[in-house]
Amino acid sequence: MRCAVLGSPIGHSLSPVMHRAAYTELGLDWAYDAVEVPAGTLTAFLSSLGDDVRGFSVTAPLKKEAAEAAHRRTEVVELLGVANTLVIDDDRFCADNTDVPGAVAALAEAGITTTASARILGGGATAASMVHALSGLGLREVELVVRDPDRALDTAVIARGLGLDVRISTIDSAEVGTVDLLVSTVPVEAVAGAAGAWVGGASALFDVVYDPWPTPLATAAGVTGTTVVSGLDLLAHQAALQVLLMTGDRVDPQILRGAAMAHLGRR
């Protein structure tokens, strides 16, 4: 069977390294590749597949297209409008979003099982997934910090639909009050100049960036002893869930994380 990660650009993806490590662990003679699929072309790509394809990991900029192209969608995909996983069953595409349970698992691994308040840097698809994940951990208040408030409106609607108290702030004018969890979904350069201030207002940090590591936020958290969850933690847990959906078998996320770390060390 063949699987792949789809997106553009895709050359940096760690998904092939992680999924291939899973196949080795499970004794599966499966293939997993990275395929460049530009925005707007996913439907055409999916229509050209052969019978030996089992599923795909989906990354930017295709997560909304993946949700729209699917014949069946999980409840979380219906709510968020984005999918990071497509599995083929009886020639029908089933869309799922393993970022949500993957984030919950990554947080739990770090001992974070409840959070009442969060500040999320960024307002896009990843921020929306994080809002949904945290809503299951008792989240009541969330602040979305963005450069352009209009870019956070969709995520704010989702958050309010989950019963959360939502505030949108701009990254240049936000007041760094105290929150249980700081989540960063933005590039490192967006917050590097004020990393200490952002981390100082939070009891824990979840930075979805994993390369380069440590990020300025993670470095600041190390100085203060703040608990840190990394993008690599998220990537490993969500990939393990994708492996389960595609193969039916479980694999320890630590195996996937170890393979990714070894690959990053060789870059």
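I began with the term buried, which means under 20% relative accessible area. The model I consulted is a predicted one.

**Entry 1: Val243**

I looked up Val243 and found its relative accessibility to be 1%, so Val243 counts as buried. Val243 belongs to helix 10. Setting aside neighbours within four places in sequence, I listed its contacts as His19, Ala22, Leu26, Gly248, Asp249 and Val251. I also noted a separation of 16 Å between the C-alpha atoms of Val243 and Leu232, which stand 11 residues apart along the chain.

**Entry 2: Helix 1 and helix 10**

I turned next to the packing of helix 10. Two packed helices are described by the angle between their axes and the distance between those axes. For helix 1 (residues 15-26) and helix 10 (residues 231-247), I recorded an angle of about 55° and axes 10 Å apart. Helix 1 is therefore oblique to helix 10. The crossing of helix 1 past helix 10 is right-handed.

Which residues make the contact? From helix 1, I wrote down Met18, His19, Ala22, Tyr23 and Leu26; from helix 10, I wrote down Leu235, Ala236, Ala239, Gln242, Val243 and Thr247. I sorted the residues of this contact into 8 nonpolar, 3 polar and no charged.

**Entry 3: Ser13**

I then examined Ser13, which is placed in the loop between strand 1 (2-7) and helix 1. Is Ser13 buried or exposed? With a relative accessibility of 14%, Ser13 counts as buried. Its side chain reaches the backbone nitrogen of Ser15 at 3.1 Å. Beyond its neighbours within four places in sequence, Ser13 is in contact with Val5 and Arg267.

**Entry 4: Thr85**

I located Thr85 in strand 5 (residues 85-89). Its relative accessible area is 1%, and Thr85 is therefore buried. The side chains of Thr85 and Asn84 make a polar contact at 2.8 Å. Not counting residues up to four places away in sequence, Thr85 touches Phe56, Val58, Cys94, Ala95, Asp96, Thr98, Gln242, Leu245 and Met246.

I checked the loop between strand 5 and strand 6, where I found Asp90 and Asp91. Most residues other than glycine have a negative phi. Asp90, although not a glycine, has a positive phi of about 55°. Asp91 is likewise not a glycine and has a positive phi of about 65°. Asp90 counts as exposed at 75% relative accessibility, and Asp91 counts as exposed at 66%.

**Entry 5: Asn97**

I moved on to Asn97, in the loop between strand 6 (92-96) and helix 5. Asn97 has a relative accessible area of 2% and is therefore buried. What does the side chain of Asn97 reach at 3.4 Å? I found the backbone oxygen of Val82 at that distance. A polar contact of 3.4 Å also joins the side chains of Asn97 and Ser129.

Leaving aside neighbours within four places in sequence, I listed Thr74, Val76, Val77, Leu80, Val82, Asn84 and Ser129 as contacts of Asn97. Leu80 is 17 residues from Asn97 along the chain, and their C-alpha atoms are separated by 9.0 Å.

**Entry 6: Helix 5 and helix 6**

Helix 5 passes helix 6 in a crossing that is right-handed.

I noted Asp99, Val100, Ala103, Val104 and Leu107 on the side of helix 5, meeting Ser129, Met130, His132, Ala133 and Leu134 of helix 6. How many residues of this contact are nonpolar, polar and charged? My entry reads 7 nonpolar, 2 polar and 1 charged.

**Entry 7: Two cis peptide bonds**

Lastly, I looked up peptide bonds. Most peptide bonds are trans. Asp211 and Pro212, however, are joined by a cis peptide bond, with omega about 5°. Trp213 and Pro214 are also joined by a cis peptide bond, with omega about 5°. I placed Pro212 in the loop between strand 11 (202-207) and helix 9 (216-224), and Pro214 in the loop between strand 11 and helix 9.

Conventions: Residues numbered from 1 in each chain as written. Predicted model: local features only at pLDDT ≥ 70, side-chain atom pairs only at ≥ 80, totals over all residues. Heavy atoms only, no water. Axes fitted to C-alpha atoms, helices over the stretch in contact; angles between N-to-C directions. Helix = DSSP H or I, 4+ residues; strand = E, 2+ residues; numbered from the N terminus. Parallel < 35°, antiparallel > 145°, perpendicular 65-115°, else oblique. Left-handed = near helix turned anticlockwise from the far one by under 90°. Contact = heavy atoms within 4.5 Å. Nonpolar A, V, L, I, M, F, W, Y, C, P; charged D, E, K, R; others polar. Buried < 20%, exposed > 50% of the residue type's maximum accessible area, 1.4 Å probe, protein only. Polar contact = N/O pair within 3.5 Å; in protein donor to acceptor, adjacent residues only side chain to side chain.
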